[in-house]
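Subject: Structure handover

Hello,

Please find the structure below. My notes on what was found follow it.

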Amino acid sequence: MIVPFSVMDFLDRAAAVYRDRLGVVDEPHQPASSMGELTYGELGAKAAAMAAHLDRLGIEVGERVAFVSHNSARLLAAFFGVSGYGRVLVPVNFRLSAREVGYIVEHSGARVLYVDPELEHDLADVECEHKFLIGQDEDLFIDGIAPRAWEPDENATATINYTSGTTARPKGVQLTHRNLWTNAMTFALHAGVTDRDVYLHTLPMFHANGWGMPFAMAGMGVPQVVLRKVDGAEILHRVERHGVTVLCAAPAVVNAVLGAASTWQGQVPGRGRVRIICAGAPPPTKTIVRVEQELGWEFIQIYGLTETSPLLTINRGRSEWDTLPPQERAARLVRAGAPAIGVTLKVSQDAEVLARSNVVLEGYWNQPEETGAALGDGWFHTGDGGMIDDDGYLTIQDRKKDVIITGGENVSSIEVEDVIFSHPEVAEVAVIGVPDEKWGETIKALVVRVEGSDLREADLIAHCKAQAAHYKAPTSVEFREALARTATGKLQKYKLREPYWEGRDRRVN
């Protein structure tokens, strides 16, 4: 008998095999919403209680449930309590403005919205049919009421994750149970996850690399330690206190840990034990050397996108590299990696990376044209330019989409341009990504002012921060007399970016 995949498979196994084992350590600094420590049996009960609450609200299979929250045990429970019982989880970036969150809630058609109490004031104007504050509406988690059973369908949408792309509005990435199940199993295999591990949630759980972990870790009975806000010293303290062995980090997080380690009293915790998995963008080779030499942690590089659940490639140091000098080893680890099992990659004639796999999205929610453009020829078009070397390893060299990845966050340059254009003293604008040691890339706006304007950089940046999430605002503005365009008037962004990336072997970080 063939049994369809479901994300609930992972928690079901944990609740059965590791019922009394510590499953979750919630963030202790937020008593209003913290759930403390939960065993996997208790986490399973909390997920079931959430599903029963959705039953009482009349939320049917396939309907959308949105969460705007910092990392928390309640959000972790929702991955199973919502998706595991046939509804669709919409995890929303908590850094977004009320206007942006409102768009996602409306576009997804979410009937339920859970909001972190810390965000209550900022999101007061966001409307939804059912709106609850996490941790203050305790009937959400009344144990002992059995939820309605759901007959799993591995092709059903489990989550819709909104990501910035080539349009001014974010796109809703539909990931199925089969997508997420395959990603979790593939990651667990390649990263060597076992029940001896302890995982630290450093990345936001709404993020592709953040929400991909609950399934893999639960299935293997791994205790999951919640970190609400990134702080290098706090990460080291959690590694020491809880015996953390695995964590994911964007380059900015890696730098924060290295900075804290430089002033750490005594031996840095986790030496010879911690695997740090870097995603979002590759850091400089010198950073990789520092991670392995100064921290004594194993550095693992992965590459993927929200649209691919996210794992496409993984670069974990091979035994043949163990005797290499640190700089040579780092030069190999900085590559995006070899295709994960079940992933087929190729590079098109115009150097775009294309992928086929069971982790590739079902489509973009209510956006058939974008879906067709991404998947129309049977391959997923990543929008990234790259090359595959003789070892079979992928290196990302350029970003063909108008997307900037800063601090692990995807930002649509077109979306930022729309916000800048709303300023009455802006005549033309081009937003590009430029290299940055801390964030990998940072946002730069090239602006032509209207005639007679004396618009200042600080005023334009403040305008952007008032209209959208702060991380989407440019960190610098350069005023110009004109911008490079083609004969048909199209901006030539590659020419505008080139001077800032000169001398580098790739046009992205």
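To begin with a charge over a ring: arginine 335 sits over the face of tyrosine 393, 4.2 Å from the ring centre. Please keep in mind that this is a predicted model. A second case of this kind is lysine 171, which lies over the face of tyrosine 364 at 4.4 Å from the ring centre.

Aromatic pairs

There are nine aromatic pairs in the structure. In one of them, the ring centres of phenylalanine 80 and phenylalanine 215 are 5.5 Å apart and the planes stand at 85°, so this pair is edge-to-face. The two residues are 135 residues apart, phenylalanine 80 in helix H3 (residues 73-81) and phenylalanine 215 in helix H7 (residues 213-219). Phenylalanine 80 is buried, at 0% relative accessible area, and phenylalanine 215 is buried at 2%.

Tyrosine 393 also forms a pair, with tryptophan 321; this one is tilted, with 6.1 Å from centre to centre and 50° between the planes. Here 72 residues separate the partners: tryptophan 321 is in the loop between strand E14 (311-316) and helix H11 (326-333), tyrosine 393 in the loop between strand E19 (380-388) and strand E20 (394-399). Tryptophan 321 counts as buried at 7% relative accessibility, and tyrosine 393 is buried with a relative accessible area of 6%.

Ring pairs also join Phe5, Phe10, Phe79, Phe80, Trp181 and Phe215 into a cluster.

Nonpolar cores

The largest nonpolar core has 80 residues, of which Phe80, Tyr114 and Phe187 touch the most other members. Helix H2 (residues 40-57) contributes the most to this core, with eight residues. Another core, of 43 residues, lies apart from it and includes Val68, Ile404, Ile443 and Leu455.

Sheets

Nine strands make up an open sheet of mixed pairing, in the order E2-E1-E10-E9-E11-E12-E13-E14-E15. Its edge strands are E2 (37-39) and E15 (338-339), each pairing on one side only. Three bridges join E1 (residues 22-25) to E2 in the antiparallel sense, and leucine 22 stands opposite threonine 39 in E2.

Another open sheet, also mixed, has three strands in the order E23-E24-E25. E23 (426-436) and E25 (476-479) each have a single partner strand, so one side of each is left without a neighbour in the sheet. Strand E24 (residues 440-449) runs parallel to E25, with four bridges between them; alanine 445 has valine 477 in E25 as its bridge partner. Two helices lie across E23, E24 and E25: H14 (residues 457-467), at about 130° to E25, and H15 (residues 493-501), at about 40° to E23.

Regards

Methods:
Residues are numbered from 1 along each chain as its sequence is written. This is a predicted model: local features need pLDDT of at least 70, side-chain atom pairs count only at pLDDT 80 or more; totals for chains, interfaces and linings use all residues. Side-chain values use heavy atoms; hydrogens and water are left out. Two strands pair if DSSP finds at least two bridges between them. Contact means heavy atoms within 4.5 Å. Axes are lines fitted to C-alpha atoms, for helices over the stretch in contact, and angles run from 0 to 180 degrees between N-to-C directions. A nonpolar core is a set of buried Ala, Val, Leu, Ile, Met, Phe, Trp, Tyr and Cys residues joined through side-chain atoms within 4.5 Å. Buried means under 20% relative accessible area, exposed over 50%, partly exposed in between (1.4 Å probe, protein chains only). Rings of Phe, Tyr and Trp (its six-membered ring) pair if their centres lie within 6.5 Å; planes under 30 degrees apart count as stacked, over 60 as edge-to-face and the rest as tilted. A charge sits over a ring if NZ of Lys or CZ of Arg is within 6 Å of the ring centre and within 35 degrees of the ring normal.
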